[in-house]
Amino acid sequence: MAHNDDLITYAALGFGIGLYTFYKGFRQYRNYLLIADTPEIPIRSVPMGFVQVYGKAQGEKTIPSPVSHTPSFAYKVVIERWKTDSDGRGGHWSHHRTDVDGVGFYLTDGTGKVLVDAQGAEFDLPQSARCEAGSGRTAGTGFAATQQELLQYVSQADAHWAGGLFQHGLKAVGPLGDSRKEQTRQGFMDVFQHTPGSPEFLTGMMTMMAPRIKQQLESMGPQSDPNHEMARQNALEALQHPPGSPEFMEGLRRAEQMAVKPGETNPFDALTRTLGGARGPASGLFNAASGRYRFTEYLIVPDSSYDISGTCVENPHPKDANDHNMIVRGTHEKEFLISSKTEKQLESSLRWRAFLMVLGGAILSVVCMAVLLGKLGLL
């Protein structure tokens, strides 16, 4: 009886997955038609709206990828966690998190350049590295991060995901009538574009909190302990400068030295090292996750060629006369794909993927429905 109930449960679950895959297949086919009907054009000629362009990725700023530490403009890391079966005899890999992050870059083709904000894009890229951590050994290709860094990165990816939820919540709230509250909402939205715990996030939070911290330090008045008073004065001096600047960091370090007694652990050490950019992608502010994980990394790297299908809008912060356009994920047309394939290869891949999803989803749904009807005595 229990086996029969399990079969019905799995059949119902398979039916739902089949319908979802079938639906996603048609969405994939729609995306294929959109891209196939949008001709690839020179970057110099891109109009406002949905476009498809091909060129090399270039830019001044890169970030190190979490797994291979490769300088990149953007990365996607699929994190899987090993789950032991209930009988303890085996196990399987289960999806834990997909982490995506990056910086803006330019796509150039000889006719011009266009800024790309890859936030919200779908990546169709080759695998750059794969490895495991947490099992007492490491294995894979393109491996550079240590076990400790990778396990810290799992916690960082979880924080990034949670920050994304917070940012979406702030967007859902919409503009507030009170100008001060709306300014605070916009400030938090800007801060949560970065991973909680990252140097950019901490700098943004410190910038928002600096006026209140300064007000509290001033309201405390002179301290009876000379060291504490010196720490207060150094902190006030640090707050005269932008958070993250060399002057701010130096003043904060002096305040720390005066506030902490000899032999004590400095509780702000990880904070100052992270604000100062002394650590890599896995900041010391993140604890190492427990368990066994597998990491698969995909990258957008300098001087590699990419086909980008997305919405062209006006660049709000142009650097020169040739920097007026930017490709982003559109508000109405949300298709945004960055691929390492050529135009023909991409169209063939999208068409084949849509066909497999529609066919596979239909077959799975029909088979599972037949099993359900059979078990319920309706067939």
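1. His69 is partly exposed, with a relative accessible area of 30%, where buried stands for under 20% relative accessible area, exposed for over 50% and partly exposed for what lies in between, computed with a 1.4 Å probe on protein chains only. The model is a predicted one, in which local features need pLDDT of at least 70 and side-chain atom pairs count only at pLDDT 80 or more, while totals for chains, interfaces and linings use all residues. Residues are numbered from 1 along each chain as its sequence is written, and side-chain values use heavy atoms, with hydrogens and water left out.

2. His69 is found in the loop between β2 (63-64) and β3; strands here are DSSP runs of E with at least two residues, and helices are runs of H or I with at least four, both numbered from the N terminus. Asp303, likewise not a glycine, has a positive phi of about 70 degrees and lies in the loop between β11 and β12 (305-314).

3. On the aromatic side chains, a pair of rings is described by the distance of the centres and the angle of the planes. Rings of Phe, Tyr and Trp (for Trp, the six-membered ring) pair if their centres lie within 6.5 Å, and planes under 30 degrees apart count as stacked, over 60 as edge-to-face and the rest as tilted. By this rule the count comes to three aromatic pairs. Among them are Phe73 and Phe105, whose ring centres are 5.3 Å apart and whose planes are at 15 degrees, so that the pair is stacked. Phe73 lies in the loop between β3 (71-72) and β4 (74-84) and Phe105 in strand β6 (residues 105-108), so the pair ties together parts that are 32 residues apart in sequence. Both partners count as buried: Phe73 has a relative accessible area of 0%, and Phe105 has 1% relative accessibility.

4. Tyr153 and Phe295 have ring centres 6.3 Å apart and planes at 45 degrees, so this pair is tilted. The pair links distant parts of the chain, 142 residues apart, with Tyr153 in helix α2 (residues 147-173) and Phe295 in strand β11 (residues 293-300). Tyr153 counts as buried at 1% relative accessibility, and Phe295 does at 0%.

5. Two rings also have a charge over them, in the sense that NZ of Lys or CZ of Arg is within 6 Å of the ring centre and within 35 degrees of the ring normal. The charged end of Lys76 sits over the ring of Tyr298, 5.1 Å from its centre, and that of Arg292 sits over the ring of Trp82, 4.8 Å from its centre.

6. Helix packing can be followed from α2 onwards, with axes taken as lines fitted to C-alpha atoms over the stretch in contact and angles running from 0 to 180 degrees between N-to-C directions. Helices α2 and α3 (residues 179-191) pack at an angle of about 150 degrees, with their axes 9 Å apart. That makes α2 roughly antiparallel to α3, a term used for angles over 145 degrees, as against under 35 for roughly parallel, 65 to 115 for roughly perpendicular and oblique for the rest. The axes of α3 and α4 come within 9 Å and cross at roughly 165 degrees, and these helices are therefore roughly antiparallel to each other.

7. Helix α4 (residues 199-220) bends by about 50 degrees at Met209, and a proline, Pro211, follows within four residues; the bend is the angle between axes fitted to the seven residues ending at a residue and the seven starting there. Buried residues in α4 include Phe201, Leu202, Met205, Met206 and Leu217. Just after α4, Gly221 takes a positive phi of about 75 degrees.

8. Some C-alpha separations may be checked against the model. Gln52, in strand β1 (residues 49-58), is buried with a relative accessible area of 1%, and it stands 8.9 Å from Glu343 in space, C-alpha to C-alpha, across 291 residues of sequence. Lys171, in helix α2, counts as partly exposed at 45% relative accessibility, and its C-alpha atom is separated by 8.8 Å from that of Arg185, 14 residues apart along the chain.
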